[in-house]
Amino acid sequence: MSSKGYRLTAATGIHKGDRDYQQDQVALLTHHRVKGCVLAILADGMGGRSGGRKASDQVMLTSKQLFERYSPETDDPVMALQQLILEAHTVIRLTAISSEEEPHSTVAAFLINAGGDCYWAHAGDSRIYHYQGN
């Protein structure tokens, strides 16, 4: 079985706008062991709520922890993305209980395995749109 190569060109940028600090975060994570395996994650802390930054921090932390344990050879990428969203949501809800804030975040993520197969997930009003060009 031959694997297809791919090139990923990416850039990120964040502007805090009219807020005191930025609640949104974005990251491209490369797998520590498997070259060509990448996780892209966007966490949109909801600015109208207190704790938006805590929520986006939690999405990023959960993503990094789960991606470190992800094994492209044996793990189901769809289940890995589902687990990322569910675990981040659970911890954000626990944060709301333990603090007097209302942390909320939306998330969009895609996972590319070394062979070029790509999977994506989103929750809340952050979206990923699939475009298949010519």
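Is Ala-40 buried or exposed? Ala-40 is buried, because its relative accessible area is 7%, and buried means under 20%. The views below come from a predicted model.

View 1. Look past its neighbours within four places in sequence. Ala-40 then contacts Ala-27, Leu-28, Ala-108, Ala-109 and Phe-110. In sequence, Ala-40 and Trp-120 are 80 residues apart. In space, their C-alpha atoms are 9.2 Å apart.

**View 2. The whole chain, element by element.** Two helices and four strands make up the count of elements. Along the sequence they follow the pattern β-β-α-α-β-β. The chain has 134 residues, and 34% of them are buried. Now take the contacts with a separation of 6 or more. Residues 24 or more positions apart account for 60% of these.

**View 3. Helix 1 against helix 2.** Helix 1 spans residues 52-69, and helix 2 spans residues 77-98. Two packed helices are described by the angle between their axes and the distance between the axes. Here the angle is about 140° and the axes are 9 Å apart. The two helices are therefore oblique to each other. Helix 1 passes helix 2 in a right-handed crossing.

**View 4. The residues where helix 1 and helix 2 meet.** Helix 1 brings Lys-54, Ala-55, Gln-58, Val-59, Thr-62, Ser-63, Leu-66 and Arg-69. Helix 2 answers with Gln-83, Leu-84, Glu-87, Ala-88, Val-91, Ile-92 and Thr-95. Sorted by class, this contact has seven nonpolar, five polar and three charged residues.

**View 5. The largest nonpolar core.** In soluble globular proteins, nonpolar side chains tend to be buried together. In this model, the largest nonpolar core has 22 residues. Which residues have the most contacts inside it? They are Leu-39, Ile-41, Val-59, Phe-67, Leu-84 and Leu-111. Five elements can be traced here: strand 1 (24-30), strand 2 (38-45), helix 1, helix 2 and strand 3 (105-112) each give two or more residues to this core.

**View 6. A closer look at Phe-67.** Phe-67 is among the residues with the most contacts inside the largest nonpolar core. What does Phe-67 touch, not counting residues up to four places away in sequence? Its partners are Leu-29, Thr-30, His-31, Cys-37, Val-38, Leu-39 and Leu-111.

Definitions and conventions
Residues numbered from 1 in each chain as written. Predicted model: local features only at pLDDT ≥ 70, side-chain atom pairs only at ≥ 80, totals over all residues. Heavy atoms only, no water. Axes fitted to C-alpha atoms, helices over the stretch in contact; angles between N-to-C directions. Parallel < 35°, antiparallel > 145°, perpendicular 65-115°, else oblique. Left-handed = near helix turned anticlockwise from the far one by under 90°. Contact = heavy atoms within 4.5 Å. Nonpolar A, V, L, I, M, F, W, Y, C, P; charged D, E, K, R; others polar. Core = buried A, V, L, I, M, F, W, Y, C linked by side-chain atoms within 4.5 Å. Buried < 20%, exposed > 50% of the residue type's maximum accessible area, 1.4 Å probe, protein only.
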